[in-house]
Amino acid sequence: MLPAQPKAPMPTLAAAQPSQFAVENVDFAYPGHAVFRGLSLRAQPGEFLVLLGPSGCGKTTLLNLLAGFMAPASGRVLLDDSPVRPEHPALGYVFQSPQLFPWLSALENVRFGLRMAGRGSEAEQRALAIEHLALVGLADAADKLPHQLSGGMQQRVALARTLALQPGVLLMDEPFAALDAITRIKLNEETLRIWSQLRQTVVFITHDIDEALFLADRILVLAPAPGGIAAEFDIALPRPRAAATRQLAQFAHYRQQVSACIADLQLQPLAA
Amino acid sequence: MTSVNHRWPRWLRPGWGWLSLPALLLGWIVVASRFPAYVLPPPWDVAAEGWRWLQQGKLGEQLWASLGRELAGFVAATIAAMAVGTLAGLYKGFRDFVTPLNGLFMAIPPVAWAPLTLIIFGIGNLAIIVVIFIAAVFPMTTTIQEGVAAIQIGAIRAARTLGANRRQLLWHVYLPASLPALTAALRIGFSQAWRALVAAEMIGASRGIGWMVAMGGQVGNSAQVLLGIALIGVMAWLAESLLFRRLDQHYQAWRPS
């Protein structure tokens, strides 16, 4: 180890104020095909909310609405009481595929948002970026280009890139769906570890029941199109959660309930 | 550091590639030995011809004439292709409009325009530069357009959620993401321009490497023709290996495959 050097004050690793996120009575349709009718939901500040959607329920459309990439036909999506838009500073979005910029190193990817916002000096931005890479366990990969990283590592860089802007709400669009089962379980645990540190509001979309149960404070089951929320489950599993959580009798009980609910939905779609 | 350090740069390392030029010269010597030197001169006669042109101070004149025209046409084509290619890449309607025209013009050998440009602009540099421009601009536009159009909507959305405004999107996402296509376009455009240049000079110039080849043919000086051909090849090779291939390889690392 090098002898300790006098250090510049480091930017702090902290969440912004956790945001409130609300969908109010949203209708959305593609020509000739209604996707959502009267969809409402609310994520409390600091809550880990999972939207569990069987295939064909319009998950992608929902995320586009939640982030403001598309506007609802009627109703509102509110982030801290103002209409959502992709550039909203409190909004963090982790995509299904990492969407890293391939020409930038991991560090520069994480620094991107800080650079766009002109927040702090270059040295401060780099320090904060390194800190967030360390948070996802990738401080060593700072100088690597995305194609030199595995899929799981890329997704962790993407998470660090989003967290570096200290968003009040984190929208996560099946972020681990493309990864192998082992990596996926590991990243679920990492997500919880980071969330317990930063405590921002999370809205996490998945079609995987086990993933939903493991992560959620609350699960909303989406109904097939044209639909809204079909059911709601409070998941009172103890935190911190770890591998052993999946072995609990309570976990199995919840899984049975949720599975049965989804099976019902697929047998008898809500009347149009 | 991923790769093993070598003492020599890659292009200096031993390999079969080193045999190709000697083999060409050997083949040339063997074939030339079956003909009189005024029909097919051996390499040393061509070298002597080159020395004669150099001593008379006429070689540089031809090279500069050709290079100047090449550069003028190529730079103009690059600017036009960047403007049209970028717009066509960004806007689908414009792309649909431009694509058939591009395809049409690319199917026409550029030198076919030379007689027309000579009529319109008269004998001189401009007529030739216009032919070079036509040769380079269409393949370059297509390459840039495809590069810009291929930029993933996901990367744009990611940048937006990270707070990038419209100007920042152009500068920090669209530009770097289209650099590989741009360098590929430069490479293609330069070589297309060079081919067209030589052809056009053979028809309507009083200087330049193409003129040198054409004149050699008219006065029956085979050595002069071969000297011109060798210069055309060497110049193209230099531009390709010293400039464009390096530029291109710089972006290979992360180019989407």
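Trainee: What span should α3(A) have, going by its residues?
Mentor: Helix α3 of chain A has 14 residues (122–135), and at 1.5 Å a residue it should span 20 Å. Its end C-alpha atoms are 20 Å apart, so that agrees. Just after α3(A), A:Gly137 takes a positive phi of about 75 degrees.

Trainee: What about α2(A), which residues are buried there?
Mentor: A:Ala106, A:Leu107, A:Asn109, A:Val110, A:Arg111, A:Phe112, A:Gly113 and A:Leu114. They pack against α3 and α4 of chain A. There's a glycine after this helix too: A:Gly118, just past α2(A), has a positive phi of about 60 degrees.

Trainee: Switching topic: how is chain A split into domains?
Mentor: The domain assignment gives domain 1 (21–90 + 168–267) and domain 2 (100–166). Taken over C-alpha atoms, the centres of those two domains of chain A are 25 Å apart.

Trainee: How many residues are in contact across that boundary?
Mentor: In chain A, 10 residues of domain 1 are in contact with seven residues of domain 2. On the domain 1 side, helix α5 (residues 181–198) of chain A gives the largest share, five residues. That side divides into eight nonpolar residues, one polar and one charged.

Trainee: Which residues touch the most other members in the largest nonpolar core?
Mentor: That core has 81 residues, and the ones touching the most other members are A:Val50, A:Leu52, A:Leu66, A:Leu133, A:Ala160, A:Leu171 and A:Val203. Domain 1 and domain 2 of chain A both give residues to this core, so it lies between them. Apart from it there's another core, of 50 residues, including B:Ala88, B:Ile129, B:Ala193 and B:Leu231.

Trainee: Take A:Val50, then. What is it in contact with, leaving aside its neighbours within four places in sequence?
Mentor: A:Val50 is in contact with A:Phe204, A:Thr206, A:Ala212, A:Leu215, A:Ala216 and A:Ile219.

Trainee: Now chain B. How many helices and strands?
Mentor: Chain B has 10 helices and zero strands. Its C-alpha trace spans about 75 × 55 × 30 Å along the principal axes. Of its 257 residues, 36% count as buried. Among contacts in chain B between residues at least 6 apart in sequence, 71% join residues at least 24 apart.

Trainee: How many residues does each chain put into the contact between them?
Mentor: 14 residues come from chain B and 21 residues from chain A. On the chain B side, the elements giving two or more residues are α7 (153–161) and α8 (166–204). α7(B) gives the most, with six residues. The chain B side divides into eight nonpolar, four polar and two charged residues.

Trainee: Last one: where in chain A is the pLDDT below 50?
Mentor: Chain A averages a pLDDT of 88, and 92% of the residues score at least 70. Residues 1–11 of chain A are below 50, and beyond near neighbours in sequence this stretch has five contacts in the model. Where pLDDT is low, the predicted coordinates should not be read in detail.

Key. Residues are numbered from 1 along each chain as its sequence is written. Chains are lettered from A and ligands numbered from 1 in the order in which they are written. This is a predicted model: local features need pLDDT of at least 70, side-chain atom pairs count only at pLDDT 80 or more; totals for chains, interfaces and linings use all residues. pLDDT is the predictor's confidence in each residue, from 0 to 100. Two residues are in contact if their C-beta atoms, placed from the backbone, lie within 7 Å. Helices (H or I, at least four residues) and strands (E, at least two) are DSSP runs, numbered from the N terminus. Ala, Val, Leu, Ile, Met, Phe, Trp, Tyr, Cys and Pro count as nonpolar, Asp, Glu, Lys and Arg as charged, and the others, Gly among them, as polar. Domain bounds come from an automatic or database domain assignment. The expected span of a helix is 1.5 Å times one less than its number of residues. A nonpolar core is a set of buried Ala, Val, Leu, Ile, Met, Phe, Trp, Tyr and Cys residues joined through C-beta atoms within 7 Å. A residue is buried if 20 or more other C-beta atoms lie within 10 Å of its own, exposed if 12 or fewer, and partly exposed in between; C-beta atoms are placed from the backbone.
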